[in-house]
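Dear colleague,

Please find the structure below, handed over for your use.

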Amino acid sequence: MGRGKAYARSGQVLSIDVKKGQVTADVQGSRRSHYKVNIRLTAYKHSVWKKPAQSLREQPFYVARLLAGEIPQDFEDVLKAAGISLLPERGADLKTGCTCPDWSNPCKHIAAVYYLLAEEFDRDPFLLFELRGITREEAPQISVPVTPDSDFWEEGSLPENLYGEVRRAPVTAALLKRLGKVPFWRAEEALMGVMEPFYKKASQYGLRCFRVEEES
């Protein structure tokens with residue numbers, strides 16, 4: 001594992017491709033030609049995702065986090081209640097292979113891919129969904145139904161509490177997080193780490209402006 005981490009940090013992993021149920025990667029070893037790494041994890045069918053999608057419709061907090069590109073800490077519990085798991089639960093769930101002559105599994109090439117995959121999942125959690133069988137584009141549309149009062153569309157003045165209390169959004173920089181990994185960003189610090197403080201300041205300023213306007 002130590003050598004795998006060194007391989008990951010020195011740029012030995014030439015490419016990683018995440019698809020439904022499978023990760024393929026090219027890793028440069030000590031030989032001239034690179035090695036092929038293959039990692040497989042069971043991909044669920046779309047019909048299996050319907051049950052957790054229904055549960056999520058009833059929990060706006062999870063919906064807000066997911067639409068912002070984040071996975072809540074106890075989200076795995078929601079999936080387990082629906083009979084599925086986002087993460088592998090035991091080593092046997094992962095089927096791995098490498099074209100190198102090393103007999104150990106994981107070898108240092110597979111370990112290097114593991115390290116970089118963890119970083120990719122941290123930047124774009126929806127890659128985990130894709131690995132489990134559903135892409136961001138195919139994900140069920142999750143919405144929370146809103147039933148207005150019976151006289152909502154009637155003529156007359158709007159109630160003073162129509163908009164409710166204005167609060168800070170539960171997710172900072174939601175749009176930026178929804179976009180996922182930015183391909184052109186090459187700085188040592190992640191783009192989210194650079195931009196999130198500005199989003200927080202802008203949000204606080206916007207709330208102050210709204211409240212001043214409301215009081216006036």
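**The sheet**

The model contains an open sheet of four strands, in the order S1-S2-S3-S4, with antiparallel pairing. Strands S1 (13-19) and S4 (95-98) stand at the edges with a single partner strand each, so one side of each has no neighbour in the sheet. On average, neighbouring strands are turned by 10° against each other, direction ignored. This is a predicted model, in which local features need pLDDT of at least 70 and side-chain atom pairs count only at pLDDT 80 or more, while totals for chains, interfaces and linings use all residues. Residues are numbered from 1 along each chain as its sequence is written, and side-chain values use heavy atoms, with hydrogens and water left out.

Helices (H or I, at least four residues) and strands (E, at least two) are DSSP runs, numbered from the N terminus. Two strands pair if DSSP finds at least two bridges between them. Axes are lines fitted to C-alpha atoms, for helices over the stretch in contact, and angles run from 0 to 180 degrees between N-to-C directions.

S1 and S2 are joined in the antiparallel sense by six bridges, and Val13 has Val27 in S2 as its bridge partner. Two residues lie between the strands of this hairpin, where Gly21 takes a positive phi near 75°. S2 and S3 also pair in the antiparallel sense, over six bridges, with Ala25 opposite Val37 in S3. Between S3 (residues 35-40) and S4, which run antiparallel, there are four bridges; here Ile39 stands opposite Thr96 in S4.

Helix H5 (residues 108-123) lies across S1, S2 (22-27), S3 and S4, and runs at about 60° to S3. H5 has 16 residues and reaches 23 Å from its first C-alpha to its last, close to the 22 Å expected at 1.5 Å a residue (the expected span being 1.5 Å times one less than the number of residues). Its buried residues include Ile110, Val113, Leu117 and Phe121 (buried means under 20% relative accessible area, exposed over 50%, partly exposed in between, with a 1.4 Å probe and protein chains only). The buried residues of H5 pack against helix H1 (2-9), all four strands S1, S2, S3 and S4, and helix H6 (126-131).

The largest nonpolar core has 35 residues, of which Trp49, Phe75, Val113 and Phe129 touch the most other members. H5 gives the most to this core, with six residues. Such a core is a set of buried Ala, Val, Leu, Ile, Met, Phe, Trp, Tyr and Cys residues joined through side-chain atoms within 4.5 Å. Beyond its neighbours within four places in sequence, Phe129 is in contact (heavy atoms within 4.5 Å) with Trp49, Leu66, Ile71, Phe75, Leu86 and Ile134.

**Two aspartates**

Asp93 lies in the loop between helix H4 (75-81) and S4, and is buried, with a relative accessible area of 18%. Its side chain reaches the backbone nitrogen of Glu89 at 2.8 Å. Leaving aside neighbours within four places in sequence, Asp93 is in contact with Arg40, Leu41 and Pro88.

Asp17, in strand S1, is partly exposed, with a relative accessible area of 31%. Not counting residues up to four places away in sequence, Asp17 touches Gln22, Val23 and Thr24. The C-alpha atoms of Asp17 and Leu117 are separated by 9.9 Å, although these residues are 100 apart along the chain.

Yours sincerely

Note on methods
A polar contact is a pair of N or O atoms within 3.5 Å; within protein, one must be able to donate a hydrogen and the other to accept it, and residues adjacent in sequence count only if both atoms are side-chain atoms.
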